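Q: Please take one part of this model, the pairing of its strands, and examine it closely. I should also like to know what surrounds that part.

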Amino acid sequence: MLPATHADILAIGRVWNHYIRNSSATFTADEKSEDDLRIYIETRLSEAVPVLVARQQGQGACLGFAAASPFRSGPGYAHSLETSVMLAPEATRQGAGRALMEEVEARARRAGVHVLVAGISGENSDALAFHTRIGFEEVGRMPEVGFKFERWLDLVLMQKLLTP
């Protein structure tokens, strides 16, 4: 798992925009442009957890990505990060998501992060199960805070404590 480069922009865009167009995994309806993704990658290069990509062995093709960003603004939240992980549909259930999140967690621990947070659509049972398998626990559910595809969506908050 290595930091994303400019060469990964199109692949990351294909993955992310697939979920924007076709699922409630993300509540946004605004697709990511190449400029959006360039900025997304560049602004995180110096962060403790940059945008990371999983590559197919031998071919170098980008299978998906993960990142972590500040959970909320303000110094009181400095030790909490919110995670994101997305895989190409053909790359799910092959270990790439777990490997990405293990690298996110390792980098976060080295940076002194106390807690990782994941905000997941209540409809996304695969993501909820995945996060449970890697040690996240549901800590809250916010009914109907999202709206997409002409319906209200719940947001499930999960977290993983990294330090005692």
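**Strand pairing and its surroundings**

A: Strands E5 and E7 are paired in the antiparallel sense, with seven bridges between them. Here a strand (E, at least two residues) or a helix (H or I, at least four) is a DSSP run, numbered from the N terminus, and two strands pair if DSSP finds at least two bridges between them. The model is predicted, with pLDDT of at least 70 needed for local features and 80 or more for side-chain atom pairs, whereas totals for chains, interfaces and linings use all residues. Residues are numbered from 1 along each chain as its sequence is written, and side-chain values use heavy atoms, leaving out hydrogens and water.

Strands of a sheet pair through backbone hydrogen bonds, either parallel or antiparallel. In this model seven strands make up an open sheet with mixed pairing, in the order E1-E2-E3-E4-E5-E7-E6. Its edges are E1 (2-3) and E6, each of which pairs on one side only.

Within E7, Leu 155 is the residue opposite Ser 121. E7 (residues 151-161) is also joined to E6 by eight bridges, and these two strands run antiparallel. Along E7, Trp 152 stands opposite Phe 147, and Arg 151 is the bridge partner of Lys 148. The hairpin of E6 and E7 has two residues between the strands, and Phe 149 takes a positive phi near 55° there. Glu 150, in the loop between E6 and E7, likewise has a positive phi, of about 65°, although it is not a glycine. Glu 150 counts as exposed because its relative accessible area is 71%; exposed means over 50%, buried under 20% and partly exposed in between, with a 1.4 Å probe and protein chains only. A further positive phi, near 55°, belongs to Glu 144, again a residue other than glycine. Glu 144 has its place in strand E6, and with a relative accessibility of 48% it is classed as partly exposed.

Elsewhere in the sheet, E2 and E3 run antiparallel and are joined by four bridges; Gly 64 in E3 is the bridge partner of Ala 54. E3 also holds Pro 70, which counts as exposed because its relative accessibility is 55%. Not counting residues up to four places away in sequence, Pro 70 touches Ser 80, Leu 81 and Glu 82, where contact means heavy atoms within 4.5 Å.

The buried residues of H1 include Ile 12, Val 15, Trp 16 and Ile 20. Among the elements covering the buried residues of H1 are helix H2 (34-42) and strands E2 (52-55), E3, E4 and E6 (137-148). With its 14 residues, H1 reaches 20 Å from first to last C-alpha, close to the 20 Å expected at 1.5 Å a residue; the expected span is 1.5 Å times one less than the number of residues. The end C-alpha atoms of the 15-residue helix H3 (residues 96-110) are 21 Å apart, in agreement with the 21 Å it should span. Buried residues of H3 include Leu 100, Met 101 and Val 104. Just after H3, Gly 112 has a positive phi of about 80°.

On a 1 Å grid over the protein atoms alone, a pocket is an open set of points where a 1.4 Å probe fits, with protein on both sides within 12 Å along at least five of seven lines; lining residues have an atom within 4 Å of a point. Grid points are joined across faces, edges and corners, and a volume is the space filled by probe spheres set on the points. The largest pocket has a volume of about 1,200 Å³. It is lined by 42 residues, of which Ala 25, Val 85, Met 86, Asn 124 and Ala 127 are the closest to its centre. Two or more lining residues come from each of H1 (9-22), E3 (62-70), E4 (80-87), H3, E5 (115-121) and H4 (125-133). The lining comprises 21 nonpolar, 14 polar and seven charged residues; Ala, Val, Leu, Ile, Met, Phe, Trp, Tyr, Cys and Pro count as nonpolar, Asp, Glu, Lys and Arg as charged, and the others, Gly among them, as polar.

The second largest pocket has a volume of about 160 Å³. H1 and E3 each give at least two residues to its lining, and the largest share, four residues, is that of H1. Among the residues lining this pocket are Arg 14, His 18, Cys 62 and Leu 63.
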